[in-house]
Amino acid sequence: GRYKWINRRYEKLFGVTLEEITGKTALDIFRGNPALAALSKHTFEADLESVKSSEPIYAKPFRQLLPDGRLRDFQRTKFILRDEHGQPTEICSISTDVTESQAMEEALRESAAQLRESEARFRNISERAPVAISINRISDGTFLYVNPRTNAFYGFGPGEMVGKQSLDLYQNPKERTEIMAEILQTGHMNDREVQLKSADGTPLTAIISYARIAFDDEDAVMT
């Protein structure tokens, strides 16, 4: 378990030099730091087990307390170096500092959780709203979400509208094209009188407000 070589990054992180550490064990170096000494003992025991393996050992990310008191996250890979007879001679350990990437992943997980919570709240409110609320893809008008009042307004049953084209519900499909062109420029439109038609073709007139949103990673419009 004696060190033969370390790189400059190791020197900087742990406050030791190659000259100071060569020929010593981790326990020798970190004896005055109980946390690092305990970790060194555990690492050495794991190294003894790794000698039995002929494949690289990929450790899960682990958190380590550095001598300066900072906590950093590392991903470690170890592999055995062998002589011409196949006998193990050294263990090479490569640790990558993944603190920033781990923090970014955690932030993304939190953001995704918050997004799911927000969508759940939206659906809870929308499902009980006394007005029609729908979301359709801007590019082709495909309905991505409709609430019960929207189904009732157009005369569709539950679940029938999602996947259908909103263009088919305009008396003049060009009207939607014109509206979407403005939405792409301004992001919203309020109280537009629109000529629509129901599931059976009955003409309908509605006052609709439009807002451009992102929904399930889609560029969409909510009405």
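The following dialogue explains how to read the features of a predicted model.

Q: On what basis are the residues and values of this model given?
A: This is a predicted model, in which local features need pLDDT of at least 70, side-chain atom pairs count only at pLDDT 80 or more, and totals for chains, interfaces and linings use all residues. Residues are numbered from 1 along each chain as its sequence is written, and side-chain values use heavy atoms, with hydrogens and water left out.

Q: What average pLDDT does the protein chain have, and which elements have the lowest and the highest mean?
A: pLDDT is the predictor's confidence in each residue, from 0 to 100. The protein chain averages 82, and 84% of the residues score at least 70.

Q: How many helices and strands does the protein chain have?
A: Helices (H or I, at least four residues) and strands (E, at least two) are DSSP runs, numbered from the N terminus. In this case the protein chain has 7 helices and 9 strands.

Q: In which sense do E2 and E3 pair, and which residues are bridge partners?
A: Strands of a sheet pair through backbone hydrogen bonds, either parallel or antiparallel. Here two strands pair if DSSP finds at least two bridges between them. Strand E2 (residues 62-65) and strand E3 (residues 71-82) pair in the antiparallel sense over 4 bridges. Gln-64 has Arg-72 in E3 as its bridge partner, and Leu-65 stands opposite Leu-71. In this hairpin, with 5 residues between the strands, Gly-69 takes a positive phi near 95°. Phe-62 and Gln-64 make up the covered face of E2, whereas Arg-63 and Leu-65 make up the uncovered one.

Q: How many bridges join E3 to E4?
A: E3 and strand E4 (residues 88-97) run antiparallel and are joined by 9 bridges. Thr-77 stands opposite Ile-94 in E4. The two strands form a hairpin with 5 residues between them, and Gly-86 in the turn has a positive phi of about 85°.

Q: In what order do the strands of the open sheet lie?
A: The sheet has 5 strands in the order E6-E5-E9-E8-E7, with antiparallel pairing. Strand E6 (143-146) and strand E7 (188-197) are the edge strands, each pairing on one side only. Within the sheet, strand E5 (residues 134-137) and strand E9 (residues 218-222) are joined by 3 bridges, and Asn-136 has Val-221 in E9 as its bridge partner.

Q: Where does helix H7 lie?
A: Axes are lines fitted to C-alpha atoms, for helices over the stretch in contact, and angles run from 0 to 180 degrees between N-to-C directions. Helix H7 (residues 173-186) lies across E5, E7, strand E8 (203-215) and E9, and runs at about 165° to E7.

Q: Which residues have the most contacts inside the largest nonpolar core?
A: In soluble globular proteins, nonpolar side chains tend to be buried together. A nonpolar core is a set of buried Ala, Val, Leu, Ile, Met, Phe, Trp, Tyr and Cys residues joined through side-chain atoms within 4.5 Å. The largest has 19 residues, and those with the most contacts inside it are Ile-179, Ile-183, Leu-196 and Tyr-210. E6, H7, E7 and E8 each supply at least two residues of this core, and the largest share, 4 residues, comes from E8. Apart from it lies another core of 10 residues, among them Val-16, Ile-21, Phe-62 and Phe-74.

Methods: Contact means heavy atoms within 4.5 Å. Buried means under 20% relative accessible area, exposed over 50%, partly exposed in between (1.4 Å probe, protein chains only).
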